[in-house]
Amino acid sequence: MDWSIILVNAIRAAIGVPAAAYALSAVGLNLQFGYTGLLNFGHVASMAVGAYGLALTVDMGGPMWLGLIVGVLAALALAVLLGYPTLRLRADYLAIVTIAAGEILRLTVRSTFAAPLTGGVFGVQRFANPFFAINPIPEGRYGFGRLGFDERSVWVLLVGWTAVVLAVLFVTRLIRSPWGRVVRAIRDDEDATMSLGKNVFYYKMQSLMIGGVIGALAGMYLAIDQQNVVPDAYIPLLTFYAFTVVIIGGPGTLVGPVVGSIVFWFLFEFIDGVMTFVVLEGWTGDLFQTTDIGAMKFVLFGLGLMTLMIYRPQGLFGSREEMMIDAR
Amino acid sequence: MPGRSESVISVEPVPGVAKPDPILTIDSVRRLFGGVKAVDVAHLEIQRGTITSLIGPNGAGKTTLFNVLTGFDEADDGTWHLNGGPLVGVPSFRVARKGMVRTFQLTRSLARLSVMENVLLAAKNQSGETLRGSVLGRWRSVEEANTKRAAVLLERFGLDTMAQEYAGTLSGGQRKLLEMARALMVEPELVMLDEPTAGVNPALTQSLLEHIKEVRAEGRTVIFIEHDMDVVHEISDWVVVLSQGSVIAEGKPDQISTNPDVIDAYLGRHHGSV
């Protein structure tokens, strides 16, 4: 066993497709949760409608660009549907409704009666061929040594991280403008913001919609890479991964979600690698088998997250001074 | 020191009396909490350009009336008009845009915004607050002008040195000042202050009162809820007394302090009897 292999694998994970997808997804969630204070526990639903919007459009014979538009429109519709009844209420209600809506959506999509349209539990496959057909990267191997990628991976990664950069730039432009000041004010105190003549409901809806569209793009991206959408990929755990990413990076920071995702995937792979090494060396005896690694990985990751919360509650990029202020 | 308003000198001290130039008129406004009438105001007019104090025992319905009038609560019945325009069912943010801005009993500084941002937020003319305007990015010149106006307000309220600090780091009294500065940034015609002097030390209370008088001197109308009768005496042009939701008396400060109904409301019906 070689430490450099563990490290290289961790680095591959840190810049990989899931890392880019979660970074993008977390940028959307961060706008909702980190900046506007919306407790959206159904972020995975945005990813799901984006992915399904794209996959079903192509599956029914539409072009991919149309699928992209359908996915975005579906995410907007979902945000309106969830936001309209709940955004006038206290923050907790949005959390309850969104977590339920995500599950309802997943269970509906996988149900037998929806199967003729959605493909049921088997979902839809091989709908992203046009995306790979326009790959401009010449055939070959890029990178060095173990950290090399083929032209397909380079193309996918290039598109993913470009989307991440564009999303961060877009959110930065919004947040550094008076619009961003209003949503940050809403995060602190809705009533005070309303008393100064701001239509709080309207801003919360906009934030939910924009964050939802960015989440949908992340969902589409993952689906394109895997050439596969299945309903059971969109479990609530994905939302909580996205929250973890946001919290590691620092909620309400511009690059936090991106760095959070990189750190998240790096650590996940690194812990896995180290544990596998330790077990294979036989250091743990009979106490601990390779089959326990999957579960133990989550335990260690949870401990790490708790440590972060205790010693750096503002995340990697957050301002401690801002965090320590009691919002009321 | 800015003088008192002369406009209500000859108005009769009778509950529901008509004023020469009312900015706000309230008719049959009722708000019930279960069986309790929290607010039940038959008729009330607020004279433009005055400082009107709203007083009454705890639970008299002062804050509830504020909430109803500013759209933070819904009335069960009744109408009210600002400058003749109806306000029933108008959402709170639109009430503020129409020129009627309130503050809160428990101060609500936007803690994680800077003091300057708190005030800038209140400006009405910033097109960068729309998504479109934000993306297009042509909001900087307005922002610059607003920043100048905000800086003048912050200096006036003695908060200029704190402009870049988080509002959450201000003291309780400074937060009250910030809330007033913020309300004025909206350029309201009518400012409604919910107990601006609660929990504020005497020196700062005095400074707050001077600020309130200045607001009147600018031609704005002020309604404020107050408990301290000395304060009420010092600055009000007119006093409205609320008890159990209804207006039981109104008049000039010295007329109110000798009004037997008011004394009854505060001390109980049988005071003085053994």
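**Figure 1. Surroundings of Glu187(B) in the predicted model.** With 15 C-beta neighbours inside 10 Å, Glu187(B) counts as partly exposed, because a residue is buried if 20 or more other C-beta atoms lie within 10 Å of its own, exposed if 12 or fewer, and partly exposed in between, with C-beta atoms placed from the backbone. The loop that holds Glu187(B) lies between helix H6 (172-185) and strand S7 (190-194) of chain B; helices (H or I, at least four residues) and strands (E, at least two) are DSSP runs, numbered from the N terminus. Glu187(B) is not a glycine, yet its phi is positive, near 55 degrees. Residues are numbered from 1 along each chain as its sequence is written, and chains are lettered from A and ligands numbered from 1 in the order in which they are written. As this is a predicted model, local features need pLDDT of at least 70 and side-chain atom pairs count only at pLDDT 80 or more, while totals for chains, interfaces and linings use all residues.

**Figure 2. The loop around Arg126(A).** Arg126(A) is found between strand S1 (124-125) and helix H7 (129-133) of chain A. Its phi is near 50 degrees, again a positive value in a residue other than glycine. Arg126(A) counts as exposed because it has 10 C-beta neighbours inside 10 Å.

Figure 3. Strands S1 (residues 22-33) and S2 (residues 36-47) of chain B pair in the antiparallel sense over 10 bridges; two strands pair if DSSP finds at least two bridges between them. S1(B) and S2(B) form a hairpin with two residues between them, and Phe33(B) stands opposite Val36(B) in S2(B). In the turn of this hairpin, Gly34(B) has a positive phi of about 65 degrees. S1(B) is also joined by five bridges to strand S4 (residues 77-82) of chain B, and these two strands run antiparallel. Across this pairing, Thr25(B) has His81(B) as its bridge partner, and Asp27(B) has Thr79(B). S4(B) in turn pairs with strand S5 (residues 85-86) of chain B in the antiparallel sense over two bridges. Leu82(B) stands opposite Gly85(B) in S5(B). The hairpin of S4(B) and S5(B) has two residues between its strands, and Asn83(B) in the turn has a positive phi of about 50 degrees.

**Figure 4. The six-stranded open sheet of chain B.** Its strands follow the order S6-S7-S8-S3-S9-S10, with mixed pairing. Strand S6 (100-102) and strand S10 (246-251) of chain B are the edge strands, each pairing on one side only. From one strand to the next, the twist averages 20 degrees. S6(B) and S7(B) pair in the parallel sense over three bridges, and Arg102(B) has Met192(B) in S7(B) as its bridge partner. Helix H7 (residues 202-217) of chain B lies across strand S3 (51-55), S7 and strand S8 (221-225) of chain B, at about 150 degrees to S8(B). Axes are lines fitted to C-alpha atoms, for helices over the stretch in contact, and angles run from 0 to 180 degrees between N-to-C directions.

**Figure 5. Helix H5 of chain A and its covering helices.** The 20 residues of helix H5 (residues 91-110) of chain A should span 28 Å at 1.5 Å a residue, and the end C-alpha atoms are 30 Å apart, which agrees; the expected span is 1.5 Å times one less than the number of residues. The buried residues of H5(A) are Leu94(A), Val97(A), Thr98(A), Ile99(A), Gly102(A), Leu105(A) and Val109(A). Their cover includes helix H3 (43-59), helix H4 (64-86), helix H6 (115-118) and helix H12 (236-249) of chain A.

**Figure 6. The contact between chains A and B.** In this view, 26 residues of chain A are in contact with 30 residues of chain B, where contact requires that the C-beta atoms of two residues, placed from the backbone, lie within 7 Å. On the side of chain A that touches chain B, helix H8 (151-175), helix H9 (178-188), helix H10 (190-195), helix H11 (200-226) and helix H15 (320-324) each supply at least two residues. H9(A) gives the most, with seven residues. This side of chain A divides into 11 nonpolar, five polar and 10 charged residues; Ala, Val, Leu, Ile, Met, Phe, Trp, Tyr, Cys and Pro count as nonpolar, Asp, Glu, Lys and Arg as charged, and the others, Gly among them, as polar.
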